[in-house]
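The sequence and structure are shown first.

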Amino acid sequence: SNSVDALFELGIMYAAGREVSPNLVIAHKWFNLAALQGNRAALKYRKEIANEMSTAEISVAQKLAREWLDK
């Protein structure tokens with residue numbers, strides 16, 4: 001759906017630093033949310049950037065994703 005694509009695009013923007021400062025934590029959050037809604041590409045990207053992130057960064061990203069879902 002369009003909303004899933006939008007979440008994925010946000011992930012790409014933050015992972016690549018397109019129009020925003022690169023931020024892997026925020027990118028992970030958006031890829032995580034897109035993946036939860038069935039975006040397979042998001043799963044792959046999330047896994048790739050997770051390899052470049054610390055455990056602490058990943059836990060912050062997961063917390064941000066949960067907070068977004070709880071809104």
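This is a predicted model: local features need pLDDT of at least 70, side-chain atom pairs count only at pLDDT 80 or more; totals for chains, interfaces and linings use all residues.

## Helix packing and salt bridges

Helix H1 crosses helix H3 in a left-handed sense. H1 spans residues 2-16 and H3 spans residues 40-50; their axes approach to within 10 Å, with a crossing angle of roughly 25 degrees. Because angles under 35 degrees count as roughly parallel, H1 is classed as roughly parallel to H3. On the H1 side the contact is made by Phe8, Ile12 and Ala15, and on the H3 side by Ala41, Ala42, Tyr45 and Ile49. Sorted by class, the contact of H1 with H3 contains 7 nonpolar residues, no polar residues and no charged residues.

Charged side chains are considered next. Side chains of opposite charge can pair when their charged atoms come close. The count for this model is 2 salt bridges, listed below.

| Salt bridge | N to O distance |
|---|---|
| Lys44 with Glu48 | 3.7 Å |
| Lys63 with Glu67 | 2.9 Å |

Lys44 and Glu48 belong to helix H3 and are 4 residues apart, so about one helical turn separates them. Lys44 is partly exposed, at 48% relative accessibility, and Glu48 is also partly exposed, at 42%.

The other pair lies in helix H4, residues 55-70, where Lys63 and Glu67 are 4 residues apart and therefore separated by about one helical turn. Lys63 has a relative accessibility of 46% and counts as partly exposed; Glu67, with a relative accessible area of 38%, is partly exposed.

Key
Residues are numbered from 1 along each chain as its sequence is written. Side-chain values use heavy atoms; hydrogens and water are left out. Axes are lines fitted to C-alpha atoms, for helices over the stretch in contact, and angles run from 0 to 180 degrees between N-to-C directions. Helices (H or I, at least four residues) and strands (E, at least two) are DSSP runs, numbered from the N terminus. Angles under 35 degrees count as roughly parallel, over 145 as roughly antiparallel, 65 to 115 as roughly perpendicular and the rest as oblique. A crossing is left-handed if the near helix is turned anticlockwise from the far one by less than a right angle, and right-handed if clockwise. Contact means heavy atoms within 4.5 Å. Ala, Val, Leu, Ile, Met, Phe, Trp, Tyr, Cys and Pro count as nonpolar, Asp, Glu, Lys and Arg as charged, and the others, Gly among them, as polar. A salt bridge is a side-chain nitrogen of Lys or Arg within 4 Å of a carboxyl oxygen of Asp or Glu. Buried means under 20% relative accessible area, exposed over 50%, partly exposed in between (1.4 Å probe, protein chains only).
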